Amino acid sequence: MNDPLLTPEQNAERRRNLKSRNLALGAVLIGLVVLFYVVTIFKGVPLLNQRPI
Amino acid sequence: MHKSAIRRQKAENLFLDSGFRLPVSDLAEARDFFALLKPRVMSLVIFTALTGMVMTNGELHPVLAFASLLCIAVGAGGAGALNMWYDADTDAVMSRTCARPVPMKRIDAKAALSFGLTLSVGSILSLGLFANWLAAGLLAFTIFFYAVVYTMLLKRFTVQNIVIGGASGALPPVIGAAAMSGHITLDSLLLFLIIFLWTPPHFWALALLKSDDYKKAGIPMLPVIAGRAATRRQIFIYSLFYTISAQFPWMAGNAGNIYAAIALATSAVFLLLSWRIVVNEDGPLLDQSCKHLFAYSILHLFILFAAILAEAAFIGSL
C-alpha cells in the first residue's frame, strides 16, 4: 500500500485520497441500490394490480 | 500562491517522487471527480429540466419523476466529464479552466473519459427504465451533441460554436417534459428557445473578458475572429431576440400575468445591460459592463424559470 519512494506525509495524503474516494463510491452504490429498489416498487405496484386474479 | 496552484504542485511532486509509477488518478480525491461533472452547469440543467417537468401535465409518479431528474443531472455530469477529457489541452492554457482536475494532473484524461462514458450510458439506460425511451433518446442525443458535435467539432473550428452548441444546454426542459408526458411538448420547446437565445449573449460577454485566453488556446470565439466591435453588436442583437422570446410563455398561454410582469421588467434590465456593452468603448467600463451582463444573465434565466415554476407548482395559473 505504501510507496517506498514517497515520504510518509505523501503516503498519508495518498491514503486519505483513496479513502475519500472509496467512501464516496460506497455511498453512491448504496444510494443506487436504494433508488432502484424504490423505483421497482413504484413501477411494479401498478402492474401487480393489473394481474388477473 | 493560489490554492489551486498549491494543489497542482503537490500532485506533481507526488507523481514525480513516485518515479512515475503512481497512476495520476491515485492522486484524486472524491471532490476532483465531482468537479469533473461541472456542478454549476449541472445545477442549471436540474433547474431547467425540473421546470419542464412541472409545467407538463404528465402521468409519471413523483418518485419516478425525481429519479428521472437525477438521471438527467447525471447525464449532464457525464457530458461535462467527456468535455473535460477532450478539452484537457486547451483547459491547461486558459486561466479560467487551468484549475480543472485533468490539467491539474489530479485525474488523468483516460480516467475522465471512462468516468464520463459510464455516467452517460448509465443515466441514459436508467432514464429509459424509470420514465420512457423517448426521454432517454433525447438525453442520449443531448450528451452526443455536447460531447461530440460541440466539443470535438464546433468549438475549435467555427465562430458559431456556442450558437449551435447551445442547443445541448437548451434541451433539458424538453427531456424533462418528455419524461413526464411521453412526447415532446410545445411548452418545453418554448423553454428550449429561451435558453438557446440566452446562450450567445451569456458566453460572448465572457468571451469579451477572456478573449486573450481564447486566442492563446486557439479557440475561434467571436471576439478573436470577428473583433470586439462586431461581438458587442451581436450581443445586443441576440439579447433583443432573447428578451422577446422570454415573453413567449405568457403569449402562448403557458404562463400567467405574474410571469409576464416579471419577464417584462427583468428583460428590460437585460437589454439595458447589453446596450451598455454596445455604447461603452474598450476599457475598464466595457469590462465592467461585460461582467455585469454575464452575472445578470445567470440571474435572469433563473428568475424566468423560477417564475414559471412557481406559477405552475403553487399558483396553478397553467
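## A buried serine

Buried here means under 20% relative accessible area. S289(B) has a relative accessible area of 0%, so this serine counts as buried. Keep in mind that we're looking at a predicted model.

Where does S289(B) sit? Its place is in helix α16 of chain B, which covers residues 284-315. Leaving aside residues up to four places away in sequence, S289(B) touches R276(B), I277(B) and N280(B). With N280(B) there's also a polar contact: the two side chains are joined at 2.8 Å.

## Aromatic pairs in chain B

Over all chains, the count of aromatic pairs comes to 11. One of them is W204(B) with Y238(B), an edge-to-face pair at 5.4 Å centre to centre, with 80 degrees between the planes. This pair links distant parts of the chain: W204(B) belongs to helix α10 (residues 186-209) and Y238(B) to helix α13 (residues 228-245), 34 residues apart. Buried or exposed? W204(B) counts as buried because its relative accessibility is 1%. Y238(B) comes out at 16%, so it counts as buried as well.

Helix α13 also supplies F236(B), which pairs with W275(B) from helix α15 (residues 257-279), 39 residues apart.

## A nonpolar patch across two chains

Now for the surface. A nonpolar patch of about 850 Å² draws on both chains: L25(A), V28(A), L29(A), L32(A) and F36(A) on one side, and V121(B), L125(B), L129(B) and W133(B) on the other. Which elements give two or more residues to this patch? They are α1 (8-49) of chain A and α6 (109-130) of chain B. The largest share, 5 residues, comes from α1(A).

F36(A) is one of the patch residues, and its place is in that helix α1 of chain A. Its relative accessible area is 33%, so F36(A) counts as partly exposed.

Key. Residues numbered from 1 in each chain as written. Chains lettered and ligands numbered in written order. Predicted model: local features only at pLDDT ≥ 70, side-chain atom pairs only at ≥ 80, totals over all residues. Heavy atoms only, no water. Patch = residues over 30% accessible without salt bridge, like charges linked within 9 Å, V, L, I, M, F, W, Y side chains within 5 Å. Areas by Shrake-Rupley, 256 points an atom, 1.4 Å probe, with all protein chains shown as cover. Salt bridge = Lys/Arg side-chain N within 4 Å of Asp/Glu carboxyl O. Helix = DSSP H or I, 4+ residues; strand = E, 2+ residues; numbered from the N terminus. Buried < 20%, exposed > 50% of the residue type's maximum accessible area, 1.4 Å probe, protein only. Phe/Tyr/Trp six-rings, centres within 6.5 Å; stacked < 30°, edge-to-face > 60°. Polar contact = N/O pair within 3.5 Å; in protein donor to acceptor, adjacent residues only side chain to side chain. Contact = heavy atoms within 4.5 Å.
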